[in-house]
Amino acid sequence: MISVHNLHKSFGKLKVLDNVSINLEPGNVVALIGPNGSGKTTFIRSILGMVKPEQGSILYDGEEILNAWKYRKNIGYMPQLAKFPERIQIKELLDMMKDIRNNNNTDHIDEELIELFDLKKIYHKRTGTLSGGTKQKVSAALTFLFNPKVLILDEPTTGLDPVSAEILKNKITKEQAKGKLVLITSHILSDIEEVASHVMYLHEGKLEFVKSIEQLKMETKEISLNKAIVKIMQQKNK
């Protein structure tokens, strides 16, 4: 679905992505992990068309995304920190996004997270008055709202209470079962272990490996993903 070939990106003398190639297929939840500064955010922004690489290509369903924009309607993006106009009400925000997307057809709208997070009870609240966790719920609801084929989730459980985090993780698993592609970043490796099928590990801008979680645990002889990744990172720092 998304094919990345020989991606290079630098900011000045700093090489952020170094010859990254990967095929991201539907029906998988791929966890993008690595140390701080490893290129994770730049990789995501490149797929979203927010960063233009110096070399390489990114294809969505076989079509080059450079200078394209229509492919983005198939992607739901949840940033790490949600920022909304402060004076707008939650319902107004959701309605505005439907109008912008020209998508008021309820057959193609997914409001499950709105229901599960009980957001309708606080539809009247202005986003500037919301707690960080509630903003995260609204951001998640918007990400899934238009039933996208691809979900890109950056630290999605940050600020969520345990119950809400479980609701979101169950939703991710449910969408994977529908054949969607999910790309997720998180520093909470226990969350990744619950929802991800594969791990994509970046280190100093280079793609070190893409492996299933079970394969990682088997190769490192560890019983948890957290311990497996810690062992790998320690080996890299030697």
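1. Let's start with the second largest pocket. By class, its lining counts eight nonpolar, six polar and four charged residues (nonpolar means Ala, Val, Leu, Ile, Met, Phe, Trp, Tyr, Cys and Pro; charged means Asp, Glu, Lys and Arg; the others, Gly among them, are polar). The volume is about 240 Å³. Of the 18 lining residues, Val51, Lys52, Pro53, Leu66 and Asn67 sit closest to the centre. Strand β4 (residues 55-60) gives the most to this lining, with four residues.

2. A word on what you're looking at: this is a predicted model, where local features need pLDDT of at least 70 and side-chain atom pairs count only at pLDDT 80 or more, while totals for chains, interfaces and linings use all residues. Residues are numbered from 1 along each chain as its sequence is written, and side-chain values use heavy atoms, with hydrogens and water left out.

3. Some terms. On a 1 Å grid over the protein atoms alone, a pocket is an open set of points with protein on both sides within 12 Å along at least five of seven lines; a cavity is a set where a 1.4 Å probe fits but cannot get out; lining residues have an atom within 4 Å of a point. Points are joined across faces, edges and corners, and a volume is the space filled by probe spheres set on them. Helices (H or I, at least four residues) and strands (E, at least two) are DSSP runs, numbered from the N terminus.

4. Now the largest pocket, at about 620 Å³. It has 22 lining residues, with Ile75, Tyr77, Met97, Arg101 and Leu142 nearest the centre. At least two lining residues come from each of β6 (75-78), α2 (90-101) and α4 (132-145), and α2 has the largest share, four residues.

5. In contact (heavy atoms within 4.5 Å) are Lys137, Ala140 and Phe144 of α4 with Ser164, Leu168, Lys171, Ile172 and Glu175 of α5. Those residues divide into four nonpolar, one polar and three charged.

6. Ile172 turns up again in the lining of the largest cavity, along with Pro156, Thr157, Lys169, Ile184, Ser186 and Asp191. That cavity has a volume of about 40 Å³.

7. Finally, salt bridges (a side-chain nitrogen of Lys or Arg within 4 Å of a carboxyl oxygen of Asp or Glu): the whole structure has 20. One of them joins Asp18 and Lys206, at 3.9 Å, N to O. Asp18 is in β2 (residues 14-24) and Lys206 in β10 (residues 206-212), so this pair ties together parts 188 residues apart in sequence.
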